[in-house]
Amino acid sequence: MSITVGQAVPPLERTIRLTDMVAYAGATWDWHRLHYDPEYVAEKKLPGPIVDGQVFGALLVEQLQDWLGPKSFVHRLDFTFRNLVFAGETVRCEGTVTEADDERIVCDLRVVVVGEGTCAARTAVAPASATVLLGQADGPGAEPAR
């Protein structure tokens, strides 16, 4: 696979449903009622349960590994939250390659909430970046342990 600077990372689009959020809460033991209890969030005057922020890290890694395959390893991932995302909303992970060689790539990423049609209604996560090693986690391109 030839990867070049400026190349778009294939987008990943996902509708995050309440059942997904409950499953994620169970997997991570994060049982804060903001993530699964519609009555609780209604009392807080929110439009619905809030997607746990770490879900976006999982989606960004999924996006990269779906594209690059099983021999890729996300070595570093950084991201900043911009807006809340609620149960039932659709998000799209987007990105661009900013550095590339045979051993690793660096990508600028973001997550947007999809609005009418396919337009971005608001940004959920930005800036975000990832360094992906191509090969094994401890193979070519791996940085020494600190």
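UniProt positions are given in the numbering used here, and its annotations may be inferred rather than shown by experiment. I kept that in mind while paging through this predicted model.

Entry 1: I looked up the record first. UniProt, in an unreviewed entry, lists residues 7-103 as "domain: MaoC-like". I then checked the fold over that stretch: residues 7-103 are 33% helix and 30% strand.

**Entry 2: the largest pocket.** Next I went looking for open space. The largest pocket holds about 190 Å³. Which residues line the largest pocket? I found Met 1, Ser 2 and Ile 3 there, along with Leu 68, Lys 71 and Ser 72. Ala 100, Asp 101, Asp 102, Leu 134 and Gly 135 complete the lining. By class, I noted five nonpolar, three polar and three charged residues in this lining.

**Entry 3: the second largest pocket.** I turned to the second largest pocket, with about 160 Å³ of space. Its lining includes Arg 14, Thr 15, Ile 16, Asp 20, Met 21 and Tyr 24. Val 51, Val 55, Ala 58, Leu 59 and Glu 62 line this pocket too. Strand S1 (8-15), helix H1 (18-28) and helix H3 (54-68) are the elements that each give two or more residues to this lining. Which element gives the most? I have H3 down for that, with four residues. The lining of the second largest pocket divides into seven nonpolar residues, one polar and three charged.

Definitions and conventions
Residues numbered from 1 in each chain as written. Predicted model: local features only at pLDDT ≥ 70, side-chain atom pairs only at ≥ 80, totals over all residues. Heavy atoms only, no water. 1 Å grid on protein atoms, 1.4 Å probe; cavity = no way out; pocket = protein on both sides within 12 Å on 5 of 7 lines; lining within 4 Å. Points joined across faces, edges and corners; volume = space filled by probe spheres on them. Nonpolar A, V, L, I, M, F, W, Y, C, P; charged D, E, K, R; others polar.
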